[in-house]
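Look over the sequence and the model, then try each task before reading on.

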Amino acid sequence: MAIVRVGFLELWVRDLERSLEFYQGLLGLRLERREGHVAYLRGYEELEWSLKLTQAPFPAVRALGFKVDSEGLEQGLAWARQEGLPHRLESDWGRPEILRLQDPFGYPLAFYFRAEKLPRVLQNYHEYRGPGLLRLDHLNVFSPEVAKATRYYQEALGFRLSEYTEDEEGRLWASWLHRKGNVHDIAFTNGEGPRLHHFAYWLPDAMAILRAADILAGAMRTDQIERGPGRHGISNAMFLYLRDPDGHRVELYTSDYLTVDPDHPPLRWSLSDPRRQTLWGHRTPRSWFLEGSPFLDLEGRPIPTRASGLEGIPEHVI
Ligand SMILES: [Fe+2]
């Protein structure tokens, strides 16, 4: 399938006002449309909305959205029919055709091509708020079968592997896969799944990451800072992980690297190398290995999860 890049995320939240106070008020995402209990937001570089929040009875993730090229929807439909995947066509604000389906691992994917373009605001610097989130960069999902999912996403969906974590027995514990030419559009992380681990927005530089931490601290919201700021070994990116008012995990991310060469070799990390998670050796909190957001099926019901088949103490899981 001709997937171009990660495109959007659709979250269920319990209190839309509280979520907007976080995503718009503190992080500064632009609120582009509000329809009752639904809100659409984007970063300053984006020409299409990238985050949809819907007020709902419990927190969950309704869709992992990917932009495809003009042939992508037909290819996606053919794939769904061939594999017998639950699927349907929907429309949304500014997006007349979205193919929603549940993939063989239970991930609720959504593919779209046509999208109404929003005005360019990248250089409207006087309108920037918060740390200045620019664009959705990637999704990271828990999987109880990382090796199988990684292979499938490469073979069926055309993703390319940029980095991976392996133990001494050659078992795959995590993988980073891309379409757009940086380290990832989606990553698979060993653990109870399918669940969302986090989604990440790209920031202009490391100072913006520090500014985000200052903003959370100034607002007396340090309890929502889960991990960082720091630099990952994997991806080389600077990061800060936050938990939104419903516990959804959002990463602020910058400064990874290009992977556009068709023969770009994947980078292997040993499970026993502590620099892979944080290059500087900081320990990662336990919640980061265990907690995630449930997915919804096409009917809006939580998708059942399975425990990982790989054994290991939590600190060695990812
Ligand atoms: Fe990430």
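A salt bridge is a side-chain nitrogen of Lys or Arg within 4 Å of a carboxyl oxygen of Asp or Glu. The model is predicted: local features need pLDDT of at least 70, side-chain atom pairs count only at pLDDT 80 or more, and totals for chains, interfaces and linings use all residues. Residues are numbered from 1 along each chain as its sequence is written, and side-chain values use heavy atoms, without hydrogens and water.

**Exercise 1.** Find the salt bridges between the two domains.

Solution. Start with the bounds, which come from an automatic or database domain assignment. Domain 1 covers 3-117, and domain 2 covers 131-293 + 310-316. Across their interface the rule finds three salt bridges. R14 and D246 meet in a salt bridge through their side chains (2.7 Å, N to O).

**Exercise 2.** State which residues coordinate the iron ion.

Solution. Look for donors: N, O and S atoms within 2.8 Å of the metal (3.2 Å for Na, K and Ca); water is not among the atoms, so sites may look incomplete. H138 (NE2), H198 (NE2) and E251 (OE) coordinate the iron ion at 2.0 to 2.1 Å. Their spacing in sequence is H-x59-H-x52-E.

**Exercise 3.** Is H138 buried or exposed?

Solution. Recall the cut-offs: buried is under 20% relative accessible area, exposed over 50%, partly exposed in between (1.4 Å probe, protein chains only). H138 has 1% relative accessibility, so H138 counts as buried. H198 has 2%, so H198 counts as buried.
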